[in-house]
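Work through the exercises below with the structure open beside you. Try each task before reading its solution.

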Amino acid sequence: MSSSSLASAVVEQPFPAVPEEPEVQLGDLTAIRSLIRSQLVPKVLDVDIKAEYPQDFMRALGAAGGFRGAAAPAFGGNGLGMRHVVEVMEAVSEECLSTGFLVWCQTACARYIQLSGNDELKASILPRILSGEVLAGTGLSNTVKSCDTIEDFRLSARRVEGGYLINGVLPWVSNLGADHVFATGCPVQDEDGKLVFVLVDCDQPGFKLLDCARFIGLDGTRTLACHFKESFVPDDRVLAHPEESDEYVKRIKPGMIHAQMGMGLGLIDACCKLMQQSNKSHSHVNQYLDDQVGDIETVLAGARESVYEIADELSAGTGAERILEILKLRLAGGELSVRAAHAAMLHQGAKGYLVRNPAQRRLREAYFVAIVTPATKHLRREIARIESGERCDGM
Ligand SMILES: Cc1cc2nc3c(=O)[nH]c(=O)nc-3n(C[C@H](O)[C@H](O)[C@H](O)COP(=O)(O)OP(=O)(O)OC[C@H]3O[C@@H](n4cnc5c(N)ncnc54)[C@H](O)[C@@H]3O)c2cc1C
């Protein structure tokens with residue numbers, strides 16, 4: 001071998017591989033929209049009709065940074081806050097509300113951890129939820145409804161050495177699986193009605209998941225019944241102990257409700273597109289329908305602006321005092337979802353009735369925005385209680 005060929009062989013030797021830190025994706029919305037088009041859109045009918053849980057998409061969305069708005073950079077968040085959470089949920093819900101709801105479950109659980117006083121969970125599991133490595137749910141419907149005196153608590157806790165023993169059943173919690181986690185809260189015996197909030201491991205002893213409900217929409221959301229029988233939750237999984245729980249609820253509740261608007265905004269937008277599509281050929285008759293696309297788009301644009309503005313305030317640690325506005329906006333979100341889906345259905349006509357047509361799916365999905373906790377009737381009751389002075393803290 002000549003000296004020159006030796007030299008080129010040496011030059012061409014690759015440098016020894018330096019182990020690379022995986023690049024953290026911070027949630028660029030253009031990249032997320034492209035991921036939605038390539039990985040979610042082809043699956044939407046399977047999620048809706050075959051109840052297929054979009055696990056691969058959820059993990060890919062996490063890897064793309066889609067959940068990182070839910071926490072501060074110190075815990076693996078992207079610093080873009082709740083507006084980013086809402087924007088991602090909105091983009092996903094524009095195609096599939098079931099998956100949009102899963103985004104809410106995942107990011108709500110991340111937020112509950114971030115707003116807790118449990119530094120160990122913030123350092124250990126929170127970054128894994130934000131990256132989509134761990135999938136997470138929130139079993140707080142019953143907690144919230146019971147706190148608002150609408151129904152009885154379905155779970156109860158007992159203080160024992162090093163933790164709490166929990167008993168009872170939550171009938172419907174979504175985004176669950178054997179290796180998932182979820183947050184819930186329930187009253188503790190002998191603690192004067194005060195609650196404990198915990199992060200449950202779905203494989204913890206004394207806990208089991210049962211798949212016993214079929215739904216006419218949102219059936220791909222892995223919504224399972226959670227059975228607790230003397231199930232031990234150690235102190236290191238506690239989000240708020242009884243003496244901390246009143247303040248904790250005040251921290252989590254406004255954002256928990258507000259972020260759900262991402263589902264409504266995305267769904268309403270999709271309904272407007274269905275109306276526009278129909279108007280290309282049928283505007284001569286569609287013009288006689290009560291709700292025209294322009295009317296709904298105008299309300300949607302105003303709602304979107306308010307949602308983003310309040311989301312920014314909540315991220316900055318303010319905005320909770322706007323609870324009445326948040327409740328009214330959320331109520332309008334459910335109502336406008338149903339109205340827009342109804343209008344889309346009437347615009348599409350008979351073809352909207354076909355199994356594979358999105359109009360009838362949107363109608364089934366829209367009712368979910370209006371019935372998931374806090375449901376329309378729940379919101380109206382809380383708004384009436386605040387406005388009559390019966391409730392002054394708004395929580
Ligand atoms: C697809 C889907 C996904 C959901 N995901 C979640 C979630 O992730 N986390 C969560 O906390 N909640 C979840 N829920 C529950 C939801 O948010 C509401 O709390 C629930 O739908 C009841 O609200 P409601 O307004 O109908 O209650 P109300 O009309 O006030 O009362 C419903 C009553 O029905 C009773 N009830 C509830 N479940 C059952 C049941 N399975 N069988 C018989 N009776 C029952 C309750 O005791 C309650 O008194 C989900 C519901 C659905 C349909």
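The exercises cover salt bridges, aromatic pairs and a charged surface patch.

This is a predicted model, in which local features need pLDDT of at least 70, side-chain atom pairs count only at pLDDT 80 or more, and totals for chains, interfaces and linings use all residues. Residues are numbered from 1 along each chain as its sequence is written, and side-chain values use heavy atoms, with hydrogens and water left out.

**Exercise 1.** Find the salt bridge of D148 and say which parts of the chain the pair links.

Solution.
- Start with the rule: a salt bridge is a side-chain nitrogen of Lys or Arg within 4 Å of a carboxyl oxygen of Asp or Glu.
- The partner of D148 is K253, with the closest N and O atoms 3.3 Å apart.
- Next, locate both residues: D148 sits in the loop between α9 (141–147) and β2 (155–160), and K253 in helix α10, 105 residues apart. Helices (H or I, at least four residues) and strands (E, at least two) are DSSP runs, numbered from the N terminus.
- Now check exposure. Buried means under 20% relative accessible area, exposed over 50%, and partly exposed in between (1.4 Å probe, protein chains only).
- D148 has a relative accessible area of 1%, so D148 is buried. K253 is at 8%, so K253 is buried.

**Exercise 2.** Describe the salt bridge between D269 and K273, then name the network.

Solution.
- The two side chains meet at 2.9 Å, N to O.
- Both residues lie in helix α11 (residues 261–286), four residues apart, about one turn of the helix.
- D269 counts as buried because its relative accessible area is 15%. K273 is partly exposed because its value is 42%.
- Salt bridges that share partners join E90, E94, D269, K273 and R304 into one network.

**Exercise 3.** Count the aromatic pairs and classify the pair of W172 and F215.

Solution.
- Rings of Phe, Tyr and Trp (its six-membered ring) pair if their centres lie within 6.5 Å; planes under 30 degrees apart count as stacked, over 60 as edge-to-face and the rest as tilted.
- The count by this rule is seven aromatic pairs.
- W172 and F215 are edge-to-face, at 5.9 Å centre to centre with 80° between the planes.
- W172 belongs to strand β3 (residues 163–173), and F215 to the loop between β6 (207–210) and β7 (224–234).
- W172 is at 60% relative accessible area, so W172 is exposed.

**Exercise 4.** Where is E244 found, and is E244 buried or partly exposed?

Solution.
- E244 is in the loop between β8 (238–240) and α10 (245–259).
- E244 has a relative accessible area of 37%, so E244 is partly exposed.
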